[in-house]
Each structure stands twice: as C-alpha cells, then as structure tokens.
Amino acid sequence: MAEVVVIGAGVAGIQAALDLAGHNIHVHLIEREPSIGGHMAQLDKTFPTNDCSMCILSPKMVDVSRTPNVTIHTCSEVESVDGEAGSFRVRVRKHPRYIIESECNGCEDCVHICPVEVYNRFDAGIGVRKAIYKPHPQAVPDIVIKDQEHCIECGLCYDVCGREAILREDTERFIDIEATSIIVTTGYGTFDARNKTQFRYLTIPDVITSLEFERMINASGPTGGKLRRLSNGKPPRGIAFVQCVGSRDIAAGRPYCSGVCCMYAMKNAMLIKEKNPGITVTVFYNDIRAYGKGYEEYYERAKDLGVRFIRGFPGEVLEENDHLVMVAENTETLEMETVHPDLVVLSVGLEPSGGAGDIAKMLGIPQDETGFFSIADQKVGRVLTVKPGIYVAGAATAPRDIPDSVAMGGAAAMRAYLDTLRAE
Ligand SMILES: Cc1cc2nc3c(=O)[nH]c(=O)nc-3n(C[C@H](O)[C@H](O)[C@H](O)COP(=O)(O)OP(=O)(O)OC[C@H]3O[C@@H](n4cnc5c(N)ncnc54)[C@H](O)[C@@H]3O)c2cc1C
C-alpha cells in the first residue's frame, strides 16, 4: 500500500490524513506534541460562526485516530529525509513518553495522585498541570505522559496504576518509513509579546496574550471559562484589546499582516459582551481587516453588542492604583482617549512555527522572507513546493484561518494521492 508522511497534526494535517485515508492511502501523521490537534484545540469558539472549536475538531481527531489507514506518531519529529518523489525514506525520532501506550487507558488516577504542579503550556501560561498529565481532556491519543524533568520520583503514580503502564526508564526510538510524498503542515507560533516592552507583558500580571485569553474564556480552561484578573482573581470591569502586536511592524521584524487577529479579537470581544454585558470592551486597532464572507457583518455585530473600536494605538500600558491606564490618539476623531481597563489582551501576530527552518533545510524547500514556507504558485498551486512530491498546507505557509487551512490540507492530500497513482 502507498504511504504518505504528514508532518504536523493540527487541523490542516488531520484533514490531509483523513482525505488520504479515504482514498486507501496509508498515512503516517507525525506530531511533536503528546496530542494531535494543534492550535485549534486551544481555542474556545471560532469566527465567523462562534461555533465551539473542539466541537468541530474533536470528532476529526477521533476519526483520524480510529482510521486503520492512519498511524499517529505523537512526541515525534522527523529526523532525516532521503530520496525523491515516489520513494522518500523518512526517519522519525520518537521521544520517550515514559508510558506503555498500549497499556494506558487514560483513567488519570496517576494524575490525581501526583503531588507536583508545573506551568501548563497548553493553557498558554495561565494554568498548571501535574508532572504526569494528559495534555487536555479531549487529547488524542487519550493517554498520559510523564514529564521526566519535573517528576520527583515519589513513586505514587507507579503504585496507583493498576495497569503498570508507567515506566521509570524510557528511551528514544527511531522509525523508518518509505513514503511516496510528504505533506508539511507544521503551522505557526505566536509573536513573543515581551519584545514589545511598552505593553509590559509578564511584568504586569493583568496584561495577557490572545492565546491566554482563549484558554481563560474556555469552559474547559483553567478558570472554567470565568474571566479573572491574574493579579487578584477578581472579575474585570473593563477589558482592552491591542491589535497588531507583532504584525505590520517593521521594527519588530514582522512587516506582514497576521490575517486572523482582527477577527479573533472581535470574536473574543463579542463573547465577553454576550456573557458579561456589564464589562466595557475596547479594541485599539490600526485597520480592521474583515476580508472573508460574513466577516464585515461580524464586525458590525460586535459594534452592535457595544464593543468600542478606537483607531489608534496606546503608547504603553501604565499601572495606576487598582487598574491599568492606556492613552491613545483616536485617529478618526483626532481626540486623545484614556481607557482604564482591568485586563489588557495583546493580539499577538502569527509567525513560523519553531523549527520551521530545520524542516526547510532537511526537505530542501525554501522559506519566504517572513520565514513561512514558500509556495511555488500563489494562483493555481498553493500547496506545491519547488520539490516534487513535497507539499505544504495550512498556517505553515502564511498566517491563515481554519477554513483556509482545512482547504489547503485537502488540496495537498489530493496532490499526494495523484503521486501515489503515478507511482503504481
Ligand atoms: C488567539 C488565536 C485565535 C484564533 N481564532 C481563530 C478562529 O476563531 N477562527 C479561525 O478560523 N482561526 C483562528 N485562529 C487561527 C487558527 O489557529 C489557525 O488557522 C489553525 O490553527 C491553523 O491550523 P494548522 O494545522 O495549519 O496549524 P497549527 O494549528 O499550528 O498546527 C500545527 C501542528 O504541527 C505541529 N508541529 C509543528 N512543528 C512540528 C514538527 N517539526 N514536527 C512535528 N509536528 C510539528 C504542532 O505541534 C501543531 O500540532 C486563531 C489563532 C489565534 C492565535
């Protein structure tokens, strides 16, 4: 049976794997995290419909894990690639999970008894997890991972695990795959807001990023969906969003528009207003880019709900007594505006995923001047690279929303499918 390797199991990679599996192609889906799902698994709702993100993604995650034609390799990264279209040899490095995957049933008894709490990357910094943990409630595979760096070897988890699935020692393993084609869907990272020192991210606890906000407003997130100030745990009375943090900013080395931030800020502003009409919500913006079908109407809906949009950027975030102060020139009215929010959300831009450069080098595919993977033809070949048999899709190619990433995942799958027909 023909085999295809998909690197990165966000929504674009999952879509590519499902489409190929439906054409009877065996897919190796390589994901470096302990669960598949990518960024979409972290989101609360999704624009422009405000559907629950996991309600759309979770069935796809389960489908792909139950499809016999897909082998999922989590905690895994591609180590090397040789060969050419039709006969790539891909070596995958599987990092130790310290769990016998076939034995763990995901009961989480070990998690409940573990006494160690550490920063939870999945909750984007505003939640904690145990040293043995499940990445999130709907993780796929539905099993735990032991974080050996923070484990204190107290032994409680070994005692409580009736299936003896937890390992004291574990090692890296290598898997060799012969593949007709390779699809790269490694997605994006977010701009490090510490670089914009004027907004005092990680200095003032009530200044958070948009991804942190997605976790906070999420019912399965660390606050159970309740909006809270990180400084004192109280509900905020006012929330301000700052757009273009690490987008359209030449000085920050990010001259491009990140495409999704206007829409996700409107989404979150609306969700605040729908749940807590008493909270004042202000969005400081540069231009509103509501470019898709129904997106402009979405913007109008946000305004109707009482979200205030100010065209202008605050120079800095200041602290004054119990609240924050932001002053900006409203470039529509030419008046100075002063806002006193309790919580500031920085709409961080999208950048190439960490390690994109290594993948580019390994596969011999170029990155463009922004660091995202170049596509060979913007008009009719958006998933093609300069290398036959290697395709790119989703936010690995540029900042993209979910519908666009899914469409590209499907398009890359069809290109890879045609390769397998040619190879027969
Ligand atoms: C705050 C915020 C809110 C958003 N809200 C919305 C919204 O409401 N609606 C919408 O349409 N879009 C939204 N987006 C955009 C959305 O997140 C992206 O469109 C979508 O996640 C792109 O999917 P992807 O699969 O291309 O990439 P990703 O979701 O980034 O997935 C990439 C996957 O590849 C893995 N990976 C990376 N490198 C490697 C490697 N070397 N080896 C193996 N695996 C690797 C990653 O771990 C990850 O699982 C939002 C973005 C942000 C930042």
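Author: The shell around the ligand is made up of 16 nonpolar, 15 polar and 8 charged residues; here Ala, Val, Leu, Ile, Met, Phe, Trp, Tyr, Cys and Pro count as nonpolar, Asp, Glu, Lys and Arg as charged, and the others, Gly among them, as polar. This is a predicted model, in which local features need pLDDT of at least 70, side-chain atom pairs count only at pLDDT 80 or more, and totals for chains, interfaces and linings use all residues. Residues are numbered from 1 along each chain as its sequence is written.

Of the 39 residues around the ligand, G8, G10, G38, G187 and G394 come nearest (a residue is near a molecule if its C-beta atom, placed from the backbone, lies within 6 Å of it). Among the elements that give two or more residues to this shell are helix 1, strand 14 (188-190) and helix 9 (402-423). Helices (H or I, at least four residues) and strands (E, at least two) are DSSP runs, numbered from the N terminus.

The ligand lies between domain 1 (3-95 + 172-187 + 353-423) and domain 2 (192-349), because both give residues to the shell around it. The domain bounds come from an automatic or database domain assignment. The C-alpha centres of the two domains, domain 1 and domain 2, lie 31 Å apart. Their contact takes 11 residues from domain 1 and 18 residues from domain 2, where two residues are in contact if their C-beta atoms, placed from the backbone, lie within 7 Å. On the side of domain 1 that touches domain 2, the residues divide into 4 nonpolar, 3 polar and 4 charged.
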